[in-house]
Amino acid sequence: MAPVVEAQDLGYVYMPGTPLEQRALQGVSFAIEAGECVGLIGPTGCGKSTLISHLNGLLRPTEGRLTVLGRDVGNTRDLRSLRFEVGLVFQSPEAQLFEETVFAEIAYGPRNMRLPAADIEGRVVRAAALLGLDLDALRQRSPLTLSGGEQRRVAMASILSMEPTVLIFDEPTAGLDPEGRALCLAAIQDLIRNGRTLVVVSHDLELIAALASRVLVLEGGRLAWNGDLRAALRAGLPGLRPTPAGRLCQALSAAGWAVPGDVVTVPEASEAIIAALREQPVTDL
């Protein structure tokens, strides 16, 4: 079976041939299989936003080739249907809310797909439930009257209601309180369990570790890593910083404690430190 996404020497230049020409991507090659969740990470300005904008045709390659769901993004004339099949949830999507009611907001995509009313209702109900939204209570509410976390989930539901084959999340939990973060994380994990193909962009390596089976690391518009997150941390890529839990374990390791240096999450750090305490003589503490 062909990959869902395949990039071959993908390159992109903004404003080519002008004094403001800027290369954003160069020689990027990778593939994403059906049902995978891949993390996309790297420092600010490395090309992450440019790359994900190619995946549903917001940008077309200036070099190389990108195939998504069997379509050559650089040459296809049917970008409209591609955008229904590849859902892109921008960072802070709540800033783009515009419909009068929550129902109308979530139903916007399916309506543009010209689906029957009964199908639209079903899709809205399913998307709202997936994100923990009480549609009975919120259906006629203005999205702008909701809390920030609820607005984020409504905006995400408006993409999920199109039931795309591929979903791209750009910093999905940024700015959310712990409850909102947990709900969004649970929703994305449910999508993974149901076999959706996902790309998650985030600076939060704990989030990436909880979701992605592997990571793509961009540096300066080039692909610097394609593989395991912890192996990338051990490799010491310049643009990849350990999490606070990881830095704590690295400091303990440098002080002679038997803890791994590639820890990412707080639970991992807790387990490693407890295990080390069991081994560490009391006189060394």
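I started with strand E7 (residues 166–170), which pairs with E8 in the parallel sense over 5 bridges. Strands here are DSSP runs of E with at least two residues, helices are runs of H or I with at least four residues, and both are numbered from the N terminus. I took two strands as paired if DSSP finds at least two bridges between them. Across this pairing, I found Asp170 opposite Val201 in E8.

Before going on, I noted that this is a predicted model, where local features need pLDDT of at least 70, side-chain atom pairs count only at pLDDT 80 or more, and totals for chains, interfaces and linings use all residues. Residues are numbered from 1 along each chain as its sequence is written, and side-chain values use heavy atoms, with hydrogens and water left out.

Next I looked at E3, which also pairs with E8 in the parallel sense, over 4 bridges. There Gly39 stands opposite Val200 in E8.

Is E8 buried or exposed? I found that 5 of the 5 residues of E8 (residues 197–201) are buried, so the strand is largely enclosed by the rest of the structure. Buried means under 20% relative accessible area, exposed means over 50%, and partly exposed is in between (1.4 Å probe, protein chains only). I then checked which way the side chains go: Thr197, Val199 and Val201 point one way, Leu198 and Val200 point the other way, and all are buried.

**Gly39**

I stayed with Gly39, which is in strand E3 (residues 37–41). Gly39 counts as buried because its relative accessibility is 0%. What does Gly39 touch, leaving aside its neighbours within four places in sequence? I listed Val200, Ile208, Ala212, Arg214, Val215 and Leu216. A contact means heavy atoms within 4.5 Å.

**The open sheet**

I moved on to an open sheet of 4 strands, in the order E2-E1-E4-E5, with antiparallel pairing. The edge strands are E2 (22–32) and E5 (71–72), each pairing on one side only.

I went through the sheet pair by pair. Strand E1 (residues 5–14) is joined to E2 by 7 bridges and the two run antiparallel; Val5 has Ile32 in E2 as its bridge partner. E1 also pairs with E4, antiparallel, over 5 bridges, and here Gln8 has Arg65 in E4 as its partner. E4 and E5 are joined by 2 bridges, again antiparallel, with Val68 partnered by Arg71 in E5. These two strands form a hairpin with 2 residues between them, and Leu69 in the turn has a positive phi of about 50°.

Thr67 has a relative accessible area of 16%, so I put it down as buried. Leaving aside its neighbours within four places in sequence, Thr67 is in contact with Val4, Val5 and Glu6.

I then checked H1 (residues 48–55), where 7 of the 8 residues are buried, so the helix is largely enclosed by the rest of the structure. The buried ones are Lys48, Thr50, Leu51, Ile52, Ser53, His54 and Leu55. Gly57 follows H1 and has a positive phi, near 80°.

H3 (residues 102–112) has 8 of its 11 residues buried, so I noted it as largely enclosed too. Among the buried residues are Phe103, Glu105, Ile106 and Pro110. What covers the buried residues of H3? The cover includes helix H2 (79–85), helix H4 (117–130), helix H5 (135–138) and helix H6 (148–160). Just after H3, I found Arg114 with a positive phi of about 60°.

**The chain overall**

Last, I stepped back to the whole chain, which has 11 helices and 10 strands. Its C-alpha trace spans about 70 × 55 × 40 Å along the principal axes. Of the 285 residues, 49% count as buried. Of the contacts with a separation of 6 or more, 61% are between residues 24 or more positions apart.
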